[in-house]
Amino acid sequence: MVSRVIPVDPFDLVIFGGTGDLARRKILPGLFRRYCAGQMPPESRIIGAARSDFDDADYQEFVAEAIREFGGGRACEDGTLEAFLERLSYVPVDARGEAGWTELAALISGSTLVRAFYFSVGPSLFGDLAERLHQHGMADEHCRIVVEKPFGRDLKTAEALNATLAEHFDESQIYRIDHYLGKETVQNLMAVRFGNLLFEPLWNSQYVDHIQITVAESVGVGGRGEYYDKSGAMRDMVQNHLMQLLCLIAMEPPSKFDPGAVRDEKLKVIRALDPVEPHHIVRGQYSASDDGPGYRDAVGDPRSTTESFVAMKVGISNWRWAGTPFYLRTGKRMVDRCSEITVVFKARNHSIFDEVQGQHRNVLTIRLQPNEGITLGVTIKEPGPGGMRLIDVPLDMSFAEALGEDGGDPPDAYERLIMDVIRGNQTLFMRGDEVEAAWAWTDPIIEGWNKRGDVPKPYDSASTGPGDSDQMLARDGRTWRPVSP
Ligand code: NAD
């Protein structure tokens with residue numbers, strides 16, 4: 001199946017932090033892939049702006065290396081990389097000083113192309129960048145800014161950041177990135193829910209026993225120890241990624257698939273979340289193993305009480321979901337890398353077969369990574385003679401297999417989201433009030449830990465987290481899904 005690529009309008013994209021890790025690994029190789037796919041019009045320009053003392057040629061060499069290392073376009077023809085590099089220039093800029101701003105303004109002034117500024121720098125610089133763009137006349141009402149995570153570290157800082165950006169930009173110009181929302185399967189989740197008649201009538205507490213969301217990483221904190229230790233799994237993963245997935249799975253059907261309608265429905269879910277009881281949360285910290293240091297060694301603080309794992313039971317107080325628990329779990333150094341959402345339907349209320357009541361249930365699994373796809377577990381007769389014995393088998397839809405080579409290699413989340421910025425489509429970006437509502441729900445949980453002097457439970461590396469997490473579900477007569485790709 002050949003996917004249809006619709007080119008976006010030509011654009012000027014300024015990447016503040018254009019020499020940083022995120023630009024090198026994701027943004028620039030992603031832009032090149034869109035160029036190869038024919039989605040990025042050749043007259044577009046990409047302007048790196050950062051502290052490094054590069055000129056255009058240095059930057060082009062930097063970007064060429066990034067593309068070689070982190071994946072260029074599959075179908076690129078000879079000469080394409082060179083043509084792409086010609087679209088690149090570089091201006092040394094200091095977000096906190098005057099250096100570079102006049103040059104940057106001169107470079108883009110007079111251009112009528114779509115104008116976007118990607119803030120791929122630490123959040124402490126977001127306000128400086130907004131202010132300087134305004135001072136130098138670049139923050140006109142048509143431009144867009146892309147803001148990286150973390151968006152605040154609690155409600156107060158998120159509100160302050162929103163207020164700072166609002167001084168110079170309208171909400172319609174602000175694109176807060178959560179790259180989980182750019183994943184193909186996440187969007188497919190909406191297509192499955194709202195594009196099929198099959199699921200929506202069953203999508204409520206009458207038919208759904210519970211829902212699990214797992215985002216497991218097999219790696220530890222690596223070189224991000226210092227940053228991570230100030231954040232922890234709750235701030236780094238739950239407040240944004242898991243919360244966004246929860247919203248998409250739980251929200252009411254929007255009246256249409258447009259940014260305002262979708263984000264209104266997501267916000268309603270966050271506002272309907274119950275406060276979480278302390279005995280409905282388990283925090284963990286991974287221990288040392290043959291494969292690497294334990295969490296405290298990795299972050300260089302032998303007394304750190306920051307969690308690298310969190311599991312929780314969450315309730316949503318609304319007509320659709322009251323009574324159906326959502327179990328969320330995320331952690332580092334877990335047994336495998338696996339992100340998935342599982343909808344476990346209730347058992348049939350009467351069986352005509354000779355089976356243990358409740359043994360067979362339909363289970364819908366939406367895999368985000370790796371092997372993006374959707375599986376529906378259905379009950380059938382075990383083949384062969386010997387009576388009516390039931391077994392559960394997966395109706396498996398691997399996107400790679402179902403959609404063939406082209407559809408099976410969809411754009412990376414960052415590529416898709418950057419193209420959405422250029423198109424001016426905010427559906428897959430977080431609105432300011434959504435972010436604040438998510439912090440308003442998260443803050444009391446973190447404050448509770450701090451007040452109680454809560455210490456995370458140790459867990460073995462390459463495991464599924466502390467045993468308390470399994471016990472939390474066992475108390476409800478349930479079990480976690482295996483963490484496996
Ligand atoms: P980095 O430290 O690798 O790069 C920072 C960039 O900012 C560099 O290009 C540097 O020159 C520039 N910079 C620093 N101070 C500056 C100043 N005063 N003026 C102008 N430029 C300045 O950081 P990163 O890992 O690329 O992360 C960038 C942002 O993206 C951060 O907000 C981070 O939280 C977020 N993020 C990163 C990742 C990732 O995988 N790296 C993932 C998600 C979010």
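**The sheet and its helices**

Guide: In this predicted model, an open sheet comprises 9 strands in the order β14-β13-β12-β11-β7-β10-β9-β8-β15, and its pairing is mixed.

Visitor: What makes β14 and β15 edge strands?

Guide: Strands β14 (390-398) and β15 (457-459) each pair on one side only. The twist from one strand to the next averages 20°.

Visitor: How do you know that β13 and β14 pair?

Guide: Pairing requires at least two bridges between two strands. Strand β13 (residues 373-381) is joined to β14 by 9 bridges, so the two count as paired; they run antiparallel. One of the residues involved is K381, whose bridge partner in β14 is L390.

Visitor: Which strands does helix α9 lie across?

Guide: Helix α9 (residues 232-250) lies across β7 (208-216), β9 (309-314), β10 (326-331), β11 (338-345) and β12 (363-369). The helix runs at about 145° to β10.

Visitor: Why is α9 called roughly perpendicular to α10?

Guide: Helix α9 packs with helix α10 (residues 259-271) at an angle of about 110°, their axes being 9 Å apart. Angles of 65 to 115 degrees count as roughly perpendicular, and therefore α9 is roughly perpendicular to α10.

Visitor: Which residues make this contact?

Guide: From α9 come M243, Q244, L246, C247, L248 and A250, and from α10 come K266, V269 and I270. The residues of the contact of α9 with α10 comprise 7 nonpolar, 1 polar and 1 charged.

Note on methods
Residues numbered from 1 in each chain as written. Predicted model: local features only at pLDDT ≥ 70, side-chain atom pairs only at ≥ 80, totals over all residues. Heavy atoms only, no water. Helix = DSSP H or I, 4+ residues; strand = E, 2+ residues; numbered from the N terminus. Axes fitted to C-alpha atoms, helices over the stretch in contact; angles between N-to-C directions. Contact = heavy atoms within 4.5 Å. Parallel < 35°, antiparallel > 145°, perpendicular 65-115°, else oblique. Nonpolar A, V, L, I, M, F, W, Y, C, P; charged D, E, K, R; others polar.
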